[in-house]
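This report describes selected features of one protein chain. Please consult the sequence and the structure shown below while reading.

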Amino acid sequence: MYNDNPTLNINKEIDESKQGQAFFKEGIKGDKKFYIESYGCQMNFSDSEIVASILADIGYQPTRNIEETNLIFINTCSIREKAEDNVRKRLRIFDKMKRKRPDLLVGVLGCMAERLKEKFLEEEKLVDMVVGPDAYRDIPKLVANAFDGEKGVNVFLSREETYADISPLRLDGNGISAFISIMRGCDNMCSFCVVPYTRGRERSRNCFTVIAEARDLFERGYKEVTLLGQNVDSYKWENPETKKVVSFAELLVMVANVSPELRVRFSTSHPKDITEEVMYAIRDHENICNYIHLPVQSGNSRILKLMNRTYDREWYMKKVDDIRRIIPDCAISSDIITGFCTETEEEHQDSLSIIKYANYSLSYMFFYSERPGTLAQRKYEDDIPLAVKKRRLAEVIEVQRAVSIAENEKDIGKVFKVLIEGNSKRSDDFYKGRNSQNKMTIFQKKGDFKPGDYVQVKITESTMATLKGEIVL
Ligand code: SAH
Ligand code: SF4
Ligand code: F3S
């Protein structure tokens, strides 16, 4: 889910066969093109689709071929040092291209743009535009100025901007599954985290525009939407006319009611805010998937306090118990950080044991990377040696690996409803798709089933990351 590696949402993930359907916005005139690369979380990928839509409105088509455009955007992530290093590496490559092609413009978008602001233009002299996550509406002006030789920066953070009225231009293009941003920013001050500084204050999007976007996607053949926010459980939108406040659980149900054929997922849930209403909504609606990403970060209460997560180990375990009680077949996944400031070996053991307690289907695991300006950077010493952080990370990964294997083995013999996403990577004779629990499932083709169809798959084999099975009728 979090991507420190250079995944190009145009370059790699576009399915050629779907280009005509998912890639080109109707009515775009002219042959101007832009190229965009995205790093970081799903919110960034979703934002790139908003940027693509804004550019399409001024006549630019997205291209996957960097050679055929003179407008490059890189949507960046600041979450860990490595994420920023990867972006810098890419910028150096763009620099070289610019030296050969002086008409090439490079724009930096996203969290790194917000964090470094004008400094970008000083550090990376060849960058032409620096645009923060709330300033994308300004891109047409910044592009026009840049073509006139004037560099531009807009990193204004807004308290209102949700891009609610912009219909994203879908770039990842499997034509089946899409992201919908339901809120922006974050008001939690987890001490390790840079997001509140790069994304600004939390604000929720008008629920009617969310539902309209889901309906539009469904009408265009999409079968799955993932509602996105840094902390979806604190979604709260007040209808200005009726003054009624819509909660996340209510929004989930409204989106689920678009069609029983439309699967609904969401990410990310914060353990302090997830409510039983959300759990009941999942239980009572077959198309709200039985999968909750519930990052724990650490299994130790003292470390959680230093992290300012506002829950402790026991609170978290109780949330897991609630989920297991209300939705017995729900998969839970997590994010875990190793080697946070002052973490002892015993405290690290608590992270290992909570993985086993929660039986996560998977976890995204990281060693702590100090971020400038965060509470932790200002208040605590980053005192765990890198080698120790990495060794603890390896231990966390190993425990999670064993838990994932055991969890997936339990699925052998079960039958799941799977949404076909396309051919499996290894063979065109097989399809891939995910079950409600978000587990990737591979199975041999049979009958007339095609991507976008639901099939019943009986699981016959499993590995750490995938289930294998066969279509049963
Ligand atoms: N809003 C989400 C997380 C967004 S950031 C939530 O609250 O769960 C994604 C993940 O990156 C975090 O869950 C955390 O595990 C990791 N992360 C954030 N800051 C980090 C840092 N400074 N070092 C290492 N990992 C970090
Ligand atoms: Fe960062 Fe915490 Fe907000 Fe998640 S909830 S984005 S970890 S501050
Ligand atoms: Fe990275 Fe920004 Fe997302 S820092 S994880 S791209 S919110």
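## Cysteines

Across the whole structure, the search finds zero disulfides, a disulfide being a pair of cysteine sulfur atoms within 2.5 Å. Cys 289 takes part in no disulfide, and the nearest cysteine sulfur, that of Cys 330, is 9.8 Å away.

## Basis of the model

This is a predicted model, in which local features need pLDDT of at least 70 and side-chain atom pairs count only at pLDDT 80 or more, while totals for chains, interfaces and linings use all residues. Residues are numbered from 1 along each chain as its sequence is written, chains are lettered from A and ligands numbered from 1 in the order in which they are written, and side-chain values use heavy atoms, leaving out hydrogens and water.

## Backbone features

Ser 267 and Thr 268 are joined by a cis peptide bond, with omega about 10°. Thr 268 is placed in the loop between β13 (263-267) and α10 (276-284). Helices (H or I, at least four residues) and strands (E, at least two) are DSSP runs, numbered from the N terminus.

Lys 117 is not a glycine, yet it has a positive phi of about 45°. Lys 117 lies in the loop between α4 (111-116) and α5 (119-123) and is partly exposed, with a relative accessible area of 32%. Tyr 163, likewise not a glycine, has a positive phi of about 55°. Tyr 163 belongs to the loop between β6 (152-154) and β7 (177-181) and is buried, at 1% relative accessibility.

## Salt bridges

The count comes to 42 salt bridges, each a side-chain nitrogen of Lys or Arg within 4 Å of a carboxyl oxygen of Asp or Glu. In one of them, Glu 213 pairs with Arg 170, with the closest N and O atoms 2.6 Å apart. This pair links distant parts of the chain, 43 residues apart: Glu 213 is in helix α8 (residues 207-219), and Arg 170 is in the loop between β6 and β7. Both residues, Glu 213 and Arg 170, are buried.

A network of salt bridges links Asp 47, Asp 134, Arg 184, Arg 199 and Arg 203.

Methods
Buried means under 20% relative accessible area, exposed over 50%, partly exposed in between (1.4 Å probe, protein chains only).
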